[in-house]
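I opened a new page for this chain and set down what I looked up, in the order I looked it up. The entries follow.

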Amino acid sequence: MLTKRIIPCLDVRNGRLTKGIKFVGNEDIGDPVETARRYYEAGAEKISINSAAIANPTLIAEGADAFGAQAIVVGMDVKRVSPSPSLPSGYEIVVHGGRKPTGQDALAWAIRCEALGAGELCLNSIDADGTKDGYELRLTRLISDAVRIPVIASGGAGSPQHMVDAVTTGHASAALIASIVHYGEYSIEQLKRHMSAQGVAVRMTW
């Protein structure tokens with residue numbers, strides 16, 4: 001049985017780990033490389049470095065050294081919109097922290113990414129990001145059911161149950177987390193134990 005994954009996300013700006021809500025009001029909360037190493041030792045399967053880090057190749061290299069081949073860089077952000085002929089899914093791809101619409105329908109873009117050879121998709125809901133109110137489950141399920149490659153749910157994790165919801169109701173292969181571990185509310189072990197208790201297959205490393 002394939003196990004579901006937990007992926008801590010590092011929002012990096014100017015070489016420092018930061019966290020905000022909906023990509024605004026980011027505050028400095030530490031060193032990203034040391035944080036990546038700590039999460040690796042705690043049992044996380046991968047580490048995600050957001051698109052702001054792309055301008056800092058040295059940081060990415062250091063993160064890869066700390067976390068091995070499981071370090072990934074992501075940057076696919078989505079915002080809810082009113083459904084229209086050009087955006088039938090009701091979700092639009094946005095860039096620059098959710099501030100610039102692209103006119104690309106999220107579902108159509110996900111299907112195209114798979115056709116172009118993408119091996120995994122990370123979907124971040126700007127509307128949910130940093131709110132701790134739970135993932136955008138409709139979006140996650142919509143895309144998870146439309147593609148054959150793994151889908152990572154991102155944006156909104158505030159409790160262990162939210163992660164269960166992402167991989168069950170949302171059909172995601174993995175759940176991206178940030179605030180709930182950055183601020184010490186939960187450990188990787190606690191999150192995995194809760195998921196396992198709810199019948200979700202996860203890889204236990206202790």
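Entry: K192. I began with a lysine side chain and asked which backbone atom it reaches. The side chain of K192 comes to 2.7 Å from the backbone oxygen of R203. The model is a predicted one, and I read this distance as a computed value. I then placed the residue: K192 belongs to helix α7. Is K192 buried or exposed? With 0% relative accessibility, K192 counts as buried, because the limit for buried is under 20%.

Entry: the whole chain. I stepped back for an overview. I noted seven helices and 11 strands in the secondary structure. The chain has 206 residues, and 50% of them count as buried. I also looked up how far along the sequence the contacts reach. Taking the contacts with a separation of 6 or more, I found that 61% come from residues 24 or more positions apart.

Entry: α5 against α7. Helix α5 covers residues 160–167 and helix α7 covers residues 188–197. Their axes lie 9 Å apart, at an angle of about 55 degrees. That angle makes α5 oblique to α7. The crossing of α5 past α7 is right-handed. Which residues meet here? From α5 I listed P160, Q161, M163, V164 and V167; from α7, L191, H194 and M195.

Entry: how covered α5 is. I went through the burial of α5 next. Six of its eight residues are buried, so I wrote the helix down as mostly covered. The buried ones are P160, H162, M163, V164, A166 and V167.

Entry: I looked at the loop between β10 (151–154) and α5, where G158 is found. G158 has 16% relative accessibility and therefore counts as buried. Leaving aside neighbours within four places in sequence, I found G158 in contact with K132, I180 and Y186. I also checked G158 against E185, which is 27 residues away along the chain. Their C-alpha atoms are separated by 9.1 Å.

Entry: α1. I ended with the helix at residues 32–42. In α1 I found P32, V33, T35, A36 and Y39 buried. Down the axis of α1 these buried residues keep within an arc of 160 degrees, so they too line one face of their helix. What caps the N-terminal end of α1? The cap is D31, with a side-chain oxygen 3.2 Å from the backbone nitrogen of V33. Just after α1, I noted that G43 takes a positive phi of about 115 degrees.

Key:
Residues numbered from 1 in each chain as written. Predicted model: local features only at pLDDT ≥ 70, side-chain atom pairs only at ≥ 80, totals over all residues. Heavy atoms only, no water. Buried < 20%, exposed > 50% of the residue type's maximum accessible area, 1.4 Å probe, protein only. Helix = DSSP H or I, 4+ residues; strand = E, 2+ residues; numbered from the N terminus. Arc of directions from axis to C-beta. Polar contact = N/O pair within 3.5 Å; in protein donor to acceptor, adjacent residues only side chain to side chain. Axes fitted to C-alpha atoms, helices over the stretch in contact; angles between N-to-C directions. Parallel < 35°, antiparallel > 145°, perpendicular 65-115°, else oblique. Left-handed = near helix turned anticlockwise from the far one by under 90°. Contact = heavy atoms within 4.5 Å.
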